Amino acid sequence: MRDQIDTDRDLTWLRAATAVAVLSVDPAALGGVWIRARSGPVRDRLVSALRIALPDLRRMPPNIGDDHLFGGVDLSATLSSGCLVRTSGLLGGGPALLLAPMAERMAPGLAARLSQSLDTGAGHALIALDEGADPDERLPASLADRLGIHLDIEGLAQADCAVLEPFSVGKARLRLPDVAIPGTAIPALVTVSSQLGIDSPRAVTFALRAARALAALDGRTVVDEDDLISATELVLAPRATRLPEQETAEETTEDPTPEQREDSPESNETDPHEEIQRLPDELLLEAARAMLPPDLLAKLAAQKAPRNGAAQAGAGAVRKGNRRGRPLPSRPGQLDGQSRIDLVATLRAAAPWQRIRRNLAPDAPQRVLVRAEDLRLRRFEEKSDRLLIFAVDASGSAAFARLAEAKGAVELMLAEAYARRDHVALVAFRGTQADLLLPPTRSLVQTKRRLGALPGGGGTPLASGLRSALELAHQSSGRGMTPTIALLTDGRANIALDGTADRKAATEDASSMARALRAQATPAVVIDMGTRPQPQLRGLADDLAAPYIPLPRADSRRLSAAVGAVLEP
Amino acid sequence: MTHPFPFSAIVGQNEMKQAMILTAIDPGIGGVLVFGDRGTGKSTSVRALAALLPPISAVEGCPCNSANPDLVPDWAEGVGTDMDEKPTPVIDLPLGATEDRVVGALDIERALTRGEKAFEPGLLARANRGYLYIDEVNLLEDHIVDLLLDVAVSGENVIEREGLSIRHPARFVLVGSGNPEEGELRPQLLDRFGLSVEVASPNNIEDRIEVIRRRDAYEMDHDTFMDHWRGEDATLRARILTGREALKAIETPDDTLRDCAQLCIELGADGLRGELTLLRAARAVAAFAGAPAVRRDHLRQIAPSALRHRLRRDPLDEAGSTARVTRAVESVLG
């Protein structure tokens, strides 16, 4: 077992070395590499090998502005010299090789711009160093898709990793345009990629380019089987979204074979390697399969769980920025292409110095002498309000024992929410349907009145309650609020969405509504207020990806404390 | 820079290609929204379309590509009266673009260094008479999307800020793309796009192989590849230009109007924008097909693109909007 792990590590490091070599031969065609590893000696070793192989590599600070990326006006130099000074920017000149540290924290805007630059065909390449701790924390997907090689060297110890010897790529680069691919290569790679559930056709294109580079490195002008295997390992396997089906592997290999014969007679003729005619994609698939971690599916499930759209989109959550929202006092700073200047404050800052500066520069043509340190930037605070949606079970089963506590808890929470200036909404479900008793409000009085009038009794239309909460959450996030749902119930769903009393359908409806909510990435908490905790509710909480808190016999104070603890980040 | 990938060489994705061609025939249809997987040729097709279209004739140096010297806005400086041919503009609007960059703003450098009040035009000016392409439109900040759609509908960009009061024409076809798994657009915004298409990676191996073959040939053997497809692109360009000419003369029988209305009622699409777009797009389909009048098959051909994003959402409907539109088309048009 121990040996197995060691071999795996050795292989990983070997692959990393191959990746460095491939990338050095043809960085532009591969778009770059996504390296997932914590900062440490192993990563440093890899990066320094890359630096030696690619001497033009330039570090890109994580918070780089557009001016520095694409070129722009150098304001400080412009102001001090009195005439327009431009900077060229990292991507402004010819092909650029960028090294992006902390890529997992890259803002979607920057990622989009980089993706765009990689798409232009100007020959840029990016090495993204991703230090994400959990699967959620990763390079934005649109950018990852455009980086040819994906490497995960997490968990390698320095002892596993020999220092990478410098090598020369000049000859390989010269040979590269002449490298031919056998006619069977494309069908084989496409079959493998579809077996691995890779949707993006970019992957196969990258694999081809990697195979070409490998052949060139090896001094050949024809891509062979080993090149394709290595390319599969570097490019395709890390992108797998499902395990290849073992049983059907044989069937699928038959598909491309007849087609190869008809389609690519010329490449077959020019191909001196006889064995490559029979190149089975099974071989590639085997290589890929060997690389797939056994817990792939679990990992994928973790990644598939919707990342909070808010974190990506910037919609919701409180942000302090310098673009819009409630104005804050302006700050000194440099224009970075993102922020807006506060002209009045800038002039005010420059005003007291005018006489002194004029004395120093009597011939300056400007009417006002402004220097870089006078610049004041506007800042805004955009408060996106939180909305707490209570979905309260007012059915007969819940009513007698628990409804009073639930009401009390809502009131308490509301009082706190009021102090924090959150909004609160109340959805109650009983009988055959759910009602929005209280649209999003900050009014304490109104809430108390509506709560007091909340009647109990009847069936438990849990799915309807969730649907109302979902609709409300959707509307409110459209209005810039950040909704959170607190579901208080005893979990015995017995009324289906269409109002019929069918326990089975009711449970199914509730769980599919829960999944719909989860797909919207609305945070939630499920409070089981039944006297005996319900396993069913735990399942529902899983569907919601929400914490499940059983609180039998809790009074309103404990209820509100529990909800508060979960909701407070 | 190499030539963009040829439009006719894009494998499959017929619905997306149709939508793009229709906006080239009649830009008044409104924007196109393309939702689907990554790497399905969304941005490739926008760029390819622009390269396919004939160059526009514009006043040399005009920041908003004016078609004749009278239309050059008065704030544009140093613009002569010479005309110049330039390719149809395709402007990329990156995520995280600030409002300043999009609409234009006070030219800070000139304000500070020379004390002059000058306008620095933004992306909207440059996109005039062309295409504005937004990748991941669903992640764009709402206020920017609002602003874009407003300008796209009115055809004019109005700037009232920082002591500037400026307007300039901004007529462009908005093309937005995105991956629905990463967030949705608000229904109000969806409705503003003329057509919407769903793209997916081809699900048969043959098509996929062909995609990669062509892409590889494009990259490795560029000139031969472009020569090969130039003819097809030219044919398509000629058809688009003929379609543009034919558009005005296309007749719209009353029965077609009735069909449009019936379809929208059947689907419960809100507002009248659905009918109007459907009709307009169907007319462009007829023009492209060389037909004298709009017929039922033209409607049938474009109904999914024109209507699928205008339906009320039903979170539990697994089948999706396309299936609902198809069903309605079958029941109304037979």
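In this predicted model, one helix pair of chain A brings A:Ala203, A:Phe206, A:Ala207, A:Ala210, A:Ala211, A:Leu214 and A:Ala215 of H10(A) up against A:Asp227, A:Leu228, A:Ser230, A:Ala231, A:Thr232, A:Leu234, A:Val235 and A:Leu236 of H11(A). Sorted by class, that contact has 12 nonpolar, 2 polar and 1 charged residues. H10(A) covers residues 202-217 and H11(A) residues 225-236, and their axes come within 8 Å, crossing at roughly 135°. As for its hand, the crossing of H10(A) and H11(A) is right-handed.

H10(A) also stands out on confidence: among the elements of chain A, this helix has the highest mean pLDDT, at 90. At the other end of the scale sits helix H17 of chain A (residues 309-313), with the lowest mean, 35. Taken as a whole, chain A averages a pLDDT of 74, and 75% of the residues score at least 70.

Two stretches of chain A call for some care in reading. Over residues 247-279, pLDDT stays under 50, and the model has 41 contacts beyond four places in sequence for this stretch. Residues 302-323 likewise stay under 50, here with 47 such contacts in the model.

As to overall make-up, chain A has 25 helices and 16 strands. Of the 569 residues in chain A, 46% are buried. Looking at contacts in chain A with a separation of 6 or more, 78% are accounted for by residues 24 or more positions apart.

Turning to chain B, the count is 13 helices and 11 strands. This chain runs to 334 residues, 49% of them buried. Among chain B contacts with a separation of 6 or more, residues 24 or more positions apart account for 74%.

Chain B has a helix pair of its own to look at. Helix H1(B), residues 14-25, and helix H11(B), residues 273-289, have axes that come within 9 Å and cross at roughly 90°. The two are therefore roughly perpendicular to each other. On the H1(B) side the contact is made by B:Ile21, B:Leu22 and B:Ile25, while H11(B) supplies B:Ala281, B:Ala284, B:Val285, B:Ala287 and B:Phe288. By class, this contact of H1(B) with H11(B) has 8 nonpolar residues, with no polar and no charged ones.

Definitions and conventions: Residues are numbered from 1 along each chain as its sequence is written. Chains are lettered from A and ligands numbered from 1 in the order in which they are written. This is a predicted model: local features need pLDDT of at least 70, side-chain atom pairs count only at pLDDT 80 or more; totals for chains, interfaces and linings use all residues. Axes are lines fitted to C-alpha atoms, for helices over the stretch in contact, and angles run from 0 to 180 degrees between N-to-C directions. Helices (H or I, at least four residues) and strands (E, at least two) are DSSP runs, numbered from the N terminus. A crossing is left-handed if the near helix is turned anticlockwise from the far one by less than a right angle, and right-handed if clockwise. Two residues are in contact if their C-beta atoms, placed from the backbone, lie within 7 Å. Ala, Val, Leu, Ile, Met, Phe, Trp, Tyr, Cys and Pro count as nonpolar, Asp, Glu, Lys and Arg as charged, and the others, Gly among them, as polar. A residue is buried if 20 or more other C-beta atoms lie within 10 Å of its own, exposed if 12 or fewer, and partly exposed in between; C-beta atoms are placed from the backbone. pLDDT is the predictor's confidence in each residue, from 0 to 100. Angles under 35 degrees count as roughly parallel, over 145 as roughly antiparallel, 65 to 115 as roughly perpendicular and the rest as oblique.
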